[in-house]
Amino acid sequence: MVRRSISRRSLLTAVSAALLTGGSRLSLSASGTPFTLGIASGNPTANAIVLWTRLAPDPLSPDPQRPGGMPTDNVPVRWEVATDEKMQQVVKSGIEGADPQFAHALHVECGGLQPARDYFYRFIASGEASPVGHFRTAPATSAATDRLRFGFVSCSNYELGYFSAYRHLAAESPDLVVFLGDYIYEYFSHLPTKLRDHSDAVAATDLPTYRNRYAQYHTDPDLQRLHASTACLATWDDHEVQNDYADRWSETFDDPRVFLARRAAAYRAFWEHMPLPHSAMPKGPDATITGRFDFGDLASFLVVDDRQFRSRLACDHPPHGGGKQVTDAACPERFDPNRSYLGMGQEHWLYGEFRRGGARWNILAQQQLVADLKEHNDAGQIAHWTEDWNGYPAARQRLLQQVHDSAVRNPVVIGGDIHSFWANDLKLDFEDPKAPAIATEFVGTSITSPGPPYAKFVSWLPDNPHIHFFESRKRGYVSVDVRPKQMDVAFRAVSDVAKPDAEVSTLQRFTVEDGRAGVNLA
Ligand SMILES: [Fe+2]
């Protein structure tokens, strides 16, 4: 690890004075600060946190040799964690080098913290201090815990709206926010209705363009506010690389070797811009972002990766790549039991975590709609979409069978991707309306991305009685309040993504009772 090759002692002796006096100044350009991309914290445990920032005085610098307008040398950065917002009671601190190899991103793994405590943090570089951020550590594993409040979000297209939903979620001061994918959009939109431009006017395909895409998103004040206010867990979906990709298979039928090089650049830029540990740093096109996070005896999050290991989409033939609507007769490949949505290795890990059990509520943080969705094609025939769990029915059946057989307590699936709110009962047999729910699913709408056609989807609902709520005309997020006996879920909708000062309201509330799977409208 390059950061570890820098002797802490030599850094301290050589640069402490410069840090504190403002010597060795960066060229801060017009921004006046190296912290234009904000700060973030992630992967909270009972005694540790990952703190993130990236130095970028010129955040959208077009010079690929100097991303962020930074010099090409290593820059020392001091970090501090305190128990007070004024940063007077500093309990942990250190100096780490921001490495040009990683676009001067920092991933500080700070340990030795107390469980279930509020902390504050900041960075100092070149005499400039970052804003002060806040996070809360998890309760000690198995400690009696009576409450956890978290939000989950997905699908924030910068070009298609303002990120008011992030601001409103930050204002709720949750203990945790979970990013479920499409944190960026890699393409450049030609929609006449778009409100903002991706700055480089190209689709991101290589490291400089993915870096600048993430940098632009991190300049957004609402996203900065959310990151600074609360710790996050993060996984990705497709748009962090390319629409509808699966493993090495691109939507555009690229040579898999060429596509893996693109994936490597995209995964690296994701890691560089998220508060992830060094263990998540990609090695070429491979990365590990799957993980388990425990919050006392109350809740466990199982965070999975739906893209890197999945089987190729069923019936994926030129000229039209990506998801499509197919009938059973037209695409029997969809049912192949050798196909996996998570990859067999990740399935094995996940089922082991189910059997391990532990917390009272077990939340599967994944990307896409799990529930069976019978659609009607243009000829009026029953059809399914190939690109979410509906494209992998054998894998979904394995997942649900494992949920059932492991008797994992209170399984709740959260997801995104489909730019609409859903509340569903998950069953071993979706064909039997009387079959009991074995798990509960909540899908959050997008932060900004447009939803699917409302009337068409509503017309399919009579064939899908396990779906209790659907709404695709609203943008927003989901707030969850977990207590031992009940989980409260609120679908929160913003008034207008075209207005930076949009308001928020609650569209619908739900509850899930301890020991009884299934959606209850509140
Ligand atoms: Fe999306």
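View 1. In strand E13, Ser300 is the bridge partner of Asp294. Strand E12 covers residues 291-295 and strand E13 covers residues 299-303. Five bridges join these two strands, which run antiparallel. Three residues lie between the strands of this hairpin, and Gly296 takes a positive phi near 60° there. Helices (H or I, at least four residues) and strands (E, at least two) are DSSP runs, numbered from the N terminus. Two strands pair if DSSP finds at least two bridges between them. Residue numbers start from 1 along each chain as its sequence is written. This is a predicted model: local features need pLDDT of at least 70, side-chain atom pairs count only at pLDDT 80 or more, and totals for chains, interfaces and linings use all residues.

**View 2. Strands E14, E17 and E16 make an open sheet.** The three strands stand in the order E14-E17-E16, and the pairing is antiparallel. Strand E14 (325-326) and strand E16 (375-376) stand at the edges. Each has a single partner strand, so one side of each is left without a neighbour in the sheet. Strand E17 (residues 382-385) is joined to E14 by two bridges. Trp385 in E17 is the bridge partner of Gln325. Strands of a sheet pair through backbone hydrogen bonds, either parallel or antiparallel.

View 3. Strand E22 (residues 476-482) and strand E23 (residues 486-494) share seven bridges in the antiparallel sense. A hairpin of three residues joins E22 to E23. Gly476 stands opposite Ala493 in E23. Strand E24 (residues 504-513) runs antiparallel to E23, and nine bridges join them. Arg492 stands opposite Thr506 in E24.

View 4. Val494 is found in strand E23. How many other C-beta atoms lie within 10 Å of Val494? There are 25, so Val494 is buried. A residue is buried if 20 or more other C-beta atoms lie within 10 Å of its own, exposed if 12 or fewer, and partly exposed in between; C-beta atoms are placed from the backbone. Val494 and Ala165 are 329 residues apart along the chain, yet their C-alpha atoms are separated by 6.2 Å. Leaving aside neighbours within four places in sequence, Val494 is in contact with Ser164, Ala165, His168, Arg475, Gly476, Ala502 and Val504. Two residues are in contact if their C-beta atoms, placed from the backbone, lie within 7 Å.

View 5. The domain assignment of the chain gives domain 1 (1-137) and domain 2 (140-521). Such bounds come from an automatic or database domain assignment. The domain centres, taken over C-alpha atoms, are separated by 30 Å. In all, 33 residues of domain 1 are in contact with 30 residues of domain 2. Strand E1 (39-42), strand E2 (49-54), strand E5 (105-110) and strand E8 (133-136) each supply at least two residues of the side of domain 1 that touches domain 2. The largest share of that side, five residues, comes from E2. Its residues divide into 21 nonpolar, nine polar and three charged. Ala, Val, Leu, Ile, Met, Phe, Trp, Tyr, Cys and Pro count as nonpolar, Asp, Glu, Lys and Arg as charged, and the others, Gly among them, as polar.

**View 6. Helix H3 crosses helix H5.** The axes of H3 and helix H5 (residues 256-272) come within 9 Å and cross at roughly 35°. Axes are lines fitted to C-alpha atoms, for helices over the stretch in contact, and angles run from 0 to 180 degrees between N-to-C directions. Leu207, Tyr210, Arg211 and Tyr214 in H3 meet Ala265, Ala266, Arg268, Ala269 and Glu272 in H5. The residues of this contact divide into six nonpolar, no polar and three charged.

View 7. Ala116 lies in the loop between E5 and strand E6 (118-125). Its phi is near 50°, a positive value in a residue other than glycine. Is Ala116 buried or partly exposed? Ala116 counts as partly exposed, because it has 15 C-beta neighbours inside 10 Å. Asp244 sits in the loop between E11 and H5. Asp244 is not a glycine either, but has a positive phi of about 65°. With 20 other C-beta atoms within 10 Å, Asp244 is buried.
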